[in-house]
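Take a look at the protein below.

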Amino acid sequence: MMTEEMRQAMLARIENNFVYHAPKGDQLVRYQLIRDTAKQFALLLVDNTPTSREQSLALTQLEDATMWANASIARNE
């Protein structure tokens, strides 16, 4: 069972996760750096692995990692 303190922390997390986070400071530069680096890795994967379900999963998970990395910046700074 969730304590009241845990519930309040979860409610605060939900509030933070489902609101627009306007970029501030150097965040836009860092978002782009993460996307550019992920894109280069995606191209490396396509050039060095056979077209397959596994390749598709690797690319999807790279997209996920990129999104979560940028969300980490947006949500926690």
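## Overall build

The protein has 3 helices and 0 strands. Helices (H or I, at least four residues) and strands (E, at least two) are DSSP runs, numbered from the N terminus. Read from that end, the order of elements is α-α-α. The radius of gyration is 17 Å, well over the 11 Å that the globule rule gives for 77 residues, so the protein is more spread out than a compact globule. That radius is taken over C-alpha atoms, and the rule is 2.2 Å times the number of residues to the power 0.38. Along the principal axes, the C-alpha atoms fill a box of roughly 50 × 35 × 15 Å.

This is a predicted model: local features need pLDDT of at least 70, side-chain atom pairs count only at pLDDT 80 or more, and totals for chains, interfaces and linings use all residues. Residues are numbered from 1 along each chain as its sequence is written, and side-chain values use heavy atoms, with hydrogens and water left out.

## Burial and contacts

Of the 77 residues, 17% are buried. Buried means under 20% relative accessible area, exposed over 50%, and partly exposed in between (1.4 Å probe, protein chains only). A contact means heavy atoms within 4.5 Å. Among contacts with a separation of 6 or more, 64% join residues 24 or more positions apart.

## How H2 and H3 pack

H2 and H3 pack at an angle of about 170°, and their axes are 10 Å apart. Axes are lines fitted to C-alpha atoms, for helices over the stretch in contact, and angles run from 0 to 180 degrees between N-to-C directions. That makes H2 roughly antiparallel to H3, a label for angles over 145 degrees. The contact includes Tyr31, Ile34 and Phe41 of H2, and Ala58, Thr66 and Ile73 of H3. Its residues divide into 13 nonpolar, 4 polar and 2 charged. Here Ala, Val, Leu, Ile, Met, Phe, Trp, Tyr, Cys and Pro count as nonpolar, Asp, Glu, Lys and Arg as charged, and the others, Gly among them, as polar.

## The core

Which residues form the largest nonpolar core? They are Ala38, Ala42, Leu45, Leu59 and Leu62. Such a core is a set of buried Ala, Val, Leu, Ile, Met, Phe, Trp, Tyr and Cys residues joined through side-chain atoms within 4.5 Å. Helix H2 (27–48) and helix H3 (53–76) each give two or more residues to this core. H2 gives the most, with 3. Ala42 touches Leu59 and Leu62, not counting residues up to four places away in sequence.

Met2 lies in the segment before helix H1 (4–17). Met2 counts as partly exposed, at 46% relative accessibility. Met2 and Ala38 are 36 residues apart in sequence and 38 Å apart in space, C-alpha to C-alpha.

Conventions
Angles under 35 degrees count as roughly parallel, over 145 as roughly antiparallel, 65 to 115 as roughly perpendicular and the rest as oblique.
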